[in-house]
Amino acid sequence: DNGWPNWKPVLYAKNFYQKADANYKWIANGPNNFPPVGAFVVFNTGLWSPGHVAIVISANPNNLTVFEQNMPKGGAARIHTYNYRTPRVTGWLYKA
């Protein structure tokens, strides 16, 4: 075991959380919560109709900063800050 999640493949990034193993917990985005550092955040709308997944490096109730790649499409890895509405954050996975 290398410590990496053993997840099944998905067709779209926005469905990423549906295939997580039992070691991870899904939290739906809401007005009074925000993801912990290290969580996999799932975006669902906007320019990324198939969705997008990034790793949280900091978050508060208004914004989250993530490590991501392929955003914009074909883009190199980067650190970027988003709000929770544009693109819409549907939720996040974190190790339970």
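Buried means under 20% relative accessible area, exposed over 50%, and partly exposed in between, with a 1.4 Å probe and protein chains only. By that cut-off, buried residues make up 29% of the 96 residues in the chain. This is a predicted model: local features need pLDDT of at least 70, side-chain atom pairs count only at pLDDT 80 or more, and totals for chains, interfaces and linings use all residues. Residues are numbered from 1 along each chain as its sequence is written, and side-chain values use heavy atoms, with hydrogens and water left out.

**Fold and dimensions**

- The chain has zero helices and six strands; helices (H or I, at least four residues) and strands (E, at least two) are DSSP runs, numbered from the N terminus.
- In sequence order the pattern reads β-β-β-β-β-β.
- The C-alpha trace spans about 35 × 30 × 20 Å along its principal axes.
- Of the contacts with a separation of 6 or more, 48% join residues 24 or more positions apart; contact means heavy atoms within 4.5 Å.

**Nonpolar cores**

- A nonpolar core is a set of buried Ala, Val, Leu, Ile, Met, Phe, Trp, Tyr and Cys residues joined through side-chain atoms within 4.5 Å.
- The largest has twelve residues: A39, V41, F43, A54, V56, L64, V66, M71, Y82, Y84, V89 and W92.
- Strands β2 (40-43), β3 (52-59), β4 (63-68) and β6 (89-95) each give two or more residues to this core.
- Another core, of six residues, lies apart from it and includes W7, F16, Y24 and V42.

- V66 lies in strand β4 and is buried, with a relative accessible area of 0%.
- Beyond its neighbours within four places in sequence, V66 contacts V41, A54, I55, V56, I57, R78, I79, H80 and Y82.
- V66 and R78 are twelve residues apart along the chain, with 8.2 Å between their C-alpha atoms.

**Surface**

- The chain exposes about 6100 Å², and carbon and sulfur atoms supply 54% of it; areas come from the Shrake-Rupley method with a 1.4 Å probe, and for residues only the protein chains shown count as cover.
- I55, I57, F67 and I79 form a nonpolar surface patch with about 350 Å² of accessible area together.
- Patches are made of residues with over 30% relative accessible area and no salt bridge; like charges are joined within 9 Å, nonpolar side chains (Val, Leu, Ile, Met, Phe, Trp, Tyr) within 5 Å. A salt bridge is a side-chain nitrogen of Lys or Arg within 4 Å of a carboxyl oxygen of Asp or Glu.
- I57 is found in strand β3 and is partly exposed, at 37% relative accessible area.
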